Amino acid sequence: MLRLKSIDRLALAHLLAGFGVDLRLVAPEQDIPGSYWGECEAGLSGKVLYARLDTPVHSVLHEFSHYICMTPERRSGLLRDAGGTDDEECAVCYLQLCFAGALADVGRDRLMQDMDDWGYSFRLGSVACWLSEDAASARHWLLEAGLIDATDSPTGRLRCD
């Protein structure tokens, strides 16, 4: 599992800051504020994404993608539970893969493997199969929301409706 301690944290913090999100590191063994899953999983509280050096990168990118995909109303009251629909959750998974491809020391293939290892579940059994055979609606959701462009590059915008 690729952990935060193994990547360029400055590049990650810069990516998040471009969307108005502040990456804050928590001391080892300290509880992560706003974590939905607990343990070493990333947490969201307002515009702050909390993580430790042992936090999996997929967890950081997933919570970050939730922040981008949620409505402004949910974003303004955000504390721990991003909520959203099943369609939005699929869009979040797709978007985190777009961000993984934009981080030189992460990449889509590595993130897909880590997502599988963590236990993300898709009808087709793996993230790679989902992405190649069943993710069209998630991609469409992101395109319609203006969050990615036709090349799957994030647009730098937050969902506004």
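**Close-up views of a predicted model**

View 1. Although E29 is not a glycine, its phi is positive, at about 70°.

**View 2. E39, a residue in the loop between strand 1 and strand 2.** The phi of E39 is near 50°, which is a positive value in a residue other than glycine. E39 counts as exposed, because its relative accessibility is 70% and the exposed class begins over 50%.

**View 3. S35, a buried residue in the loop between strand 1 (22-25) and strand 2 (43-45).** The relative accessible area of S35 is 10%, and S35 is therefore classed as buried, the limit for which is under 20%. A polar atom of the S35 side chain lies 2.9 Å from the backbone nitrogen of G38. When neighbours within four places in sequence are left aside, the residues in contact with S35 are E41, A42, G43 and R80.

**View 4. V60 and the residues around it in helix 2 and beyond.** V60 has its place in helix 2, and with a relative accessible area of 0% this residue is buried. Residues up to four places away in sequence are not counted here, and on that basis V60 touches L4, L12, A42, L49, A51 and T55. For a sense of distance, V60 may be set against L124, which is 64 residues apart from V60 in sequence and 24 Å apart from V60 in space, C-alpha to C-alpha.

**View 5. The largest nonpolar core, with its 48 residues.** The members that touch the most other members of this core are L12, L49, F64, Y94, W130 and L142. Two or more residues come from each of helix 1 (9-17), strand 3 (48-51), helix 2 (57-69), helix 4 (86-102), helix 5 (108-118), helix 6 (127-133) and helix 7 (136-144). Among these elements, helix 4 gives the most to the core, with 9 residues. For W130, once neighbours within four places in sequence are left aside, the residues in contact are C90, C93, Y94, L97, F122, L124, A135 and A138.

**View 6. The packing of helix 2 and helix 5.** Two packed helices are described by the angle between their axes and the distance between the axes. Helix 2 and helix 5 pack at an angle of about 95°, and their axes are 9 Å apart, so helix 2 is roughly perpendicular to helix 5. On the helix 2 side, V57, H58 and L61 meet L111, D114, M115 and W118 of helix 5. Sorted by class, this contact of helix 2 with helix 5 has 5 nonpolar, 1 polar and 1 charged residues.

**View 7. The crossing of helix 4 and helix 7.** The axes of helix 4 and helix 7 cross at roughly 90° and come within 8 Å, which means that helix 4 is roughly perpendicular to helix 7. Helix 4 takes part in the contact through D87, E88, C90, A91, Y94 and L95, while helix 7 takes part through A138, R139, W141 and L142. By class, the contact of helix 4 with helix 7 has 7 nonpolar, no polar and 3 charged residues.

Note on methods: Residues are numbered from 1 along each chain as its sequence is written. This is a predicted model: local features need pLDDT of at least 70, side-chain atom pairs count only at pLDDT 80 or more; totals for chains, interfaces and linings use all residues. Side-chain values use heavy atoms; hydrogens and water are left out. A nonpolar core is a set of buried Ala, Val, Leu, Ile, Met, Phe, Trp, Tyr and Cys residues joined through side-chain atoms within 4.5 Å. Buried means under 20% relative accessible area, exposed over 50%, partly exposed in between (1.4 Å probe, protein chains only). Helices (H or I, at least four residues) and strands (E, at least two) are DSSP runs, numbered from the N terminus. Contact means heavy atoms within 4.5 Å. Axes are lines fitted to C-alpha atoms, for helices over the stretch in contact, and angles run from 0 to 180 degrees between N-to-C directions. Angles under 35 degrees count as roughly parallel, over 145 as roughly antiparallel, 65 to 115 as roughly perpendicular and the rest as oblique. Ala, Val, Leu, Ile, Met, Phe, Trp, Tyr, Cys and Pro count as nonpolar, Asp, Glu, Lys and Arg as charged, and the others, Gly among them, as polar. A polar contact is a pair of N or O atoms within 3.5 Å; within protein, one must be able to donate a hydrogen and the other to accept it, and residues adjacent in sequence count only if both atoms are side-chain atoms.
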